[in-house]
Amino acid sequence: MDIEAELSSVFSQRSSGPFLFLGSGFSRRYIGLEDWEGLLSRFCLTGKPYAYYKSSANNDTPKSAQLIADDFHDLWWSHDDYGKKREDSANLINDRTSPLRLEICDYLQHKHLAEISPAILEEINALKECDVDGIITTNWDMFTESLFPDHTVYIGQKELLFSNTMNIGEIYKVHGCCSTPESLVLTDSDYHDYNNRNAYLASKLITIFVEHPVVFIGYSISDTNIRELLKSISLCIGRENIDKLRDNLIFIDRNEPLGGPTIETSYLQFDSIQIPVKVVKTKNYTPVYDAIAQFERKLPARVLRFCKERVYEIVKGQNPDKKIAVVDYDQVQDKNDIEIVFGLGVIGKVGETGYKGISIGDIFEDLISNNKNFDARKLVDTTLSLLPSQTKFVPVFKYLRMLGINSKADYDKSGLKLDRLANRKAEDFATASALQTARYSKTPFAEFLATATESEIVSMTPLLPLADQKILGEYLHANYDHLISCNNRYHFRRLMAYYDWKRYGF
């Protein structure tokens, strides 16, 4: 199964970009961090193993943490190994759990990328290309912030609940962060307070779960914390609105079947309510990240958040006319530079700056309708060359031809860095398999278009030996308005990229 294509199709049907929901398995995969029990075991230093605390707490991990904190408190105040830390941090000690919190945070702040395989490094690089709308995480470490340094961070449940969040370009660390020891949700007392506010947190996150695809990484679908949060959300939105969550909840499961990656539909049961979820089973997460990276947006998430925040201030403020500036979005680097941004992308005529704002959708429309009058040089140099590396399917050959690049030799001499778009073969554009397509292999192409289903046409055409570019062009032009907005629109875009290659390619 081509999980990148399937997930890209799901994401393309949403008007809002994906959120990530990251659990302990995420940090374990990428920085070699222990799970919660493994982390607590590191601080069982008084002669009692973790198994002792676990049995004393009746297998309740937060209670185990409380017992470990009690014993560690006495060790921390008496042992010479912690003398320097006592001098530096004595003013931060508020109760018997504080020493354990401090040492856990110190350990996490110095935890860096482990020695990793090339496959895992490829995943991390692909993840960095994802301009996600936001991240929710229960992790205490700061790996997430290193991946998304432009996102605004909210630490702990209280800060999230009492802040004017924008639901874009933000990281919500709902269980606290190692940068703030007292924020950690660690002991049974912490969890009691956290659970008491869970309904309020759910109400704060409802818009995200209804409007955005939420991709869970590093969690089991049976994780207690996730189930409690989703239960609270389901109660808030009501049974009649549960279907709004369909295809929005996506769990990544590293236990790939022997037959290869799969995407399955499952259900979470809460009393009489069933929440549908998708479960992606794959050992390689790169296709998942590539699918997320292909979500098309006009502006980066950090800029959208900046604008949303400042527009809020205009409405809220008493003298908005004194806070308005007109700048290009590329100049928005430091939010302290200006107070309000308006007129993004509309300054002057469509010059080099305007070509940065041209969407992939505009390029597809021009391919089929030839109605944009693009300057090919500016489009190639300013638009196509700046696309994220995960963008793989966009018309390029039409514009290379307009620049006099008519062969592979011409392209090699041009110095352009568009190899991922220009070095193509027909099967790259297909989302169906050769086995699925075999029954149409001898069918005249016009007959295929007349008898096959819409899904078969958009997924199989690149593999058909009798595919005719002229007939295909007529089909694309006649059906463009419908297919560009239907559930198959991701596959349709791949088909249009194939048409660009078939007609103009070399």
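**Helix packing and salt bridges in a predicted model**

Good morning. A search of the whole structure finds 22 salt bridges. Please keep in mind that the structure is a predicted model.

Let us begin with helix α1, which spans residues 3-12. Is this helix enclosed by the rest of the structure or open? It is largely enclosed, because eight of its 10 residues are buried. The buried residues are Ile 3, Glu 4, Ala 5, Leu 7, Ser 8, Ser 9, Val 10 and Phe 11. Against which elements do they pack? There are the strands β5 (214-217), β6 (249-253), β7 (262-270) and β8 (273-281), together with the helices α14 (286-293) and α26 (489-504). The N-terminal end of α1 is capped by Asp 2, which places a side-chain oxygen 3.3 Å from the backbone nitrogen of Glu 4. Glu 4 also takes part in a network of salt bridges with Asp 290 and Lys 392.

I turn now to a pair of helices. Two packed helices are described by the angle between their axes and the distance between the axes. For α5 (residues 61-78) and α7 (residues 98-109), the angle is about 90° and the axes are 7 Å apart. That angle makes α5 roughly perpendicular to α7. Which residues meet where these helices pack? From α5 come Ala 65, Ile 68, Ala 69, Phe 72, His 73, Trp 76 and Trp 77, and from α7 come Pro 99, Leu 100, Leu 102 and Glu 103. Sorted by class, this contact has nine nonpolar residues, one polar and one charged.

Glu 103 leads us back to the salt bridges, as its side chain meets that of Lys 85 with N and O 3.2 Å apart. Lys 85 belongs to helix α6 (residues 83-89) and Glu 103 to α7, so this pair ties together parts that are 18 residues apart in sequence. Is Glu 103 buried or exposed? Its relative accessibility is 10%, so Glu 103 counts as buried.

Two further pairs deserve mention. Glu 34 bridges to Arg 42, with the closest N and O atoms 3.2 Å apart. Glu 34 counts as partly exposed at 22% relative accessibility, and Arg 42 counts as partly exposed at 40%. Glu 365 and Lys 372 form a salt bridge with an N to O distance of 3.6 Å. Here Glu 365, at 25% relative accessibility, is partly exposed, and Lys 372, at 29%, is partly exposed.

Thank you for your attention.

Conventions: Residues numbered from 1 in each chain as written. Predicted model: local features only at pLDDT ≥ 70, side-chain atom pairs only at ≥ 80, totals over all residues. Heavy atoms only, no water. Buried < 20%, exposed > 50% of the residue type's maximum accessible area, 1.4 Å probe, protein only. Helix = DSSP H or I, 4+ residues; strand = E, 2+ residues; numbered from the N terminus. Contact = heavy atoms within 4.5 Å. Polar contact = N/O pair within 3.5 Å; in protein donor to acceptor, adjacent residues only side chain to side chain. Axes fitted to C-alpha atoms, helices over the stretch in contact; angles between N-to-C directions. Parallel < 35°, antiparallel > 145°, perpendicular 65-115°, else oblique. Nonpolar A, V, L, I, M, F, W, Y, C, P; charged D, E, K, R; others polar. Salt bridge = Lys/Arg side-chain N within 4 Å of Asp/Glu carboxyl O.
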